Amino acid sequence: MTNATADTLPRRRRRWRVSASGTVGLAVVGFWLVMTLAGPSIAPHGSGAMVGSEILAPMSREFPLGTDYLGRDMLSRILWGARYTVGLALIATLLACAMGVALGLFAAVQGGIGDAAISRVLDAFISIPSKMFALVMVAALGSSLPVLIGTVAVIYTPGCYRLARSMAVNISAMDFVTVARARGERTAFIMREEVLPNMVLPVLTDFGLRFVFVVLLLSGLSFLGVGIQPPAADWGSLVRENLEGLRDGAPAVIMPAAAIASLTIGMTLLIDNLPGRRRSTVEGH
Amino acid sequence: MNAVMARLIGARVAVCVLSLLIVSGLVFIATSLLPGDVTQEILGQSATPEAVEGLRRALNLDRPAPVRYLEWLGGLLTGDPGISLVNRLPVAEMIASRLPNSLLLAGMAAAFCVPAALFLGITSAIWRGSAYDRVVNTATVTTVSVPEFLVATLAVLIFAVHLRWLPAMSYASKIESVGQLLRSFALPVATLSCVVMAQMTRMTRAALLTVLDTPYIEMAVLKGARPMRVVLLHALPNAVGPIANAVAFSLSYLVGGAIIVEIIFSYPGIARLMVDAVATRDMPLVQACAMIFSAAYLVLVLVADLCAILSNPRLRYR
């Protein structure tokens, strides 16, 4: 892109071709984001309130999603749980992406030994299976919110770093970055003002993809009983604690699992239909 | 085999060994960072200082961490990863009784999902853009993006609860006939395969499509070769390497998938052993299991790399 076109077109217009499945994905993700903020205030009951007389009850007018193994309202439990599943995953993904992008930008702009050192260390991290690493960390430090967030952020930083670095390397080889260097700008300035704005969209797409992995990992850990600890419950722990209802097909097991699936599938649909996106979940969990 | 390839393969193996070494260091550091004293935790609040000191010596905790790390590493290599803190059994014995079960499960899942995924991936690449391709694509995207425990839960619900075809639990010890073996393994294997297969199908399809987008394939199409012929005779031989790479890489998902599947089907494998050990903070057991899983994962990724190197004719005939 030359300067001439940038001058004649004051704002480069992107054509957002919105497909049906992308819209559905956006709607589902948007819905859960709103529920994360507003869920507890519109939930009919408290998270721990024992309101039903029957345990693992089927759907009814009074309890739209049935009751859980202690007779608590499942709809309220899921709405409260959104805070943990969506909120925690958002924080962890934000952390991972922020660290990955910052390190990647730094490595690409700086080059040399710093680049090599960061790359080698993070490559070693990638070779640890994520669930296993999380299990070891939880075994060592116990399961608490900071440990979970930190562990997940560390697990997904290398992937973010790889993507950010490979893009930043290409961008920092371009003329305008050379010009900025010649002007005598500092590394931090080049990272922030010259390189970062040119890789926003891929980084955002990557954020969405990683958010899906984080949700899957966190709910998987909670399902194993080593994630969110009671009395707090995310959707993974809701599936786990109501597992005894599986034999009767109680909605208390199905609904939280369906909530996770809707969130992750919605996000996948959304990022698959973003412009400039070719392949999606080919890379691993 | 020539010098270039030998060097590349040597480098890969060396990286794999080095990664495993780094992983062992990380695992050891993570598990040694326990807040609070392990001995205090084992003996309880009322323990006398002498008892704590004695146990510390018995567990070798009175020596510096680097020494303990080297001893632990040496123990691992010679097949003696220590004694379980919880039930005082040798860790090697506990793992030996569970490992065959896990290998059986993973082996059956691999035997089932590799051919199935190759078939789905290749056929969907042949009929790219067709309704069949879209169905396969949607199904695999969906499977990849839902948690493994959801697939397992649904499988139990449909096949064991509603249809009553299969038992919901599997006990590897009570197997007498082949039919019984297949019946009790059907659900865990299907669940594990499902997750691995979705990944493998997508990667196979993507690998084949990369080849299909090259000019020589366009040439074959222009000269009038039928789509089936183009894919099977022109494209597939060149895609064998990437596909083998995809298959080996996808198999590394068995590691993560096995953890969930063994729990939900209460299958007596090594992953359940590890999750139980995490819950009871049985560090020697956690360390040993973590190393086994990491090693399995790294070896599969290494095999994937080697497939890519070995199948590259440019390297073979240089």
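Start with the cysteines: the count of disulfides over all chains is 0. Keep in mind that this is a predicted model.

**Stop 1: C194(B)**

Select C194(B) and C113(B). The cysteine sulfur closest to that of C194(B) is in C113(B), 10.0 Å away. A disulfide needs the two sulfur atoms within 2.5 Å, so this pair is too far apart for a bond. Now show the surface around C194(B). Its relative accessibility is 32%, so C194(B) counts as partly exposed.

**Stop 2: C289(B)**

Move to C289(B). Is this residue buried or exposed? C289(B) has 0% relative accessibility, so it counts as buried.

**Stop 3: two helices of chain B**

Select residues 91–126 of chain B, which form helix α5. Turn the view to follow the crossing: α5(B) passes α6(B) in a left-handed way.

**Stop 4: where the helices touch**

Show side chains at the contact. From α5(B), pick F119(B), L120(B), T123(B) and S124(B). From α6(B), pick Y132(B), D133(B) and V136(B). Colour these residues by class. The contact of α5(B) with α6(B) has 4 nonpolar, 2 polar and 1 charged residues.

Key: Residues numbered from 1 in each chain as written. Chains lettered and ligands numbered in written order. Predicted model: local features only at pLDDT ≥ 70, side-chain atom pairs only at ≥ 80, totals over all residues. Heavy atoms only, no water. Axes fitted to C-alpha atoms, helices over the stretch in contact; angles between N-to-C directions. Helix = DSSP H or I, 4+ residues; strand = E, 2+ residues; numbered from the N terminus. Left-handed = near helix turned anticlockwise from the far one by under 90°. Contact = heavy atoms within 4.5 Å. Nonpolar A, V, L, I, M, F, W, Y, C, P; charged D, E, K, R; others polar. Buried < 20%, exposed > 50% of the residue type's maximum accessible area, 1.4 Å probe, protein only.
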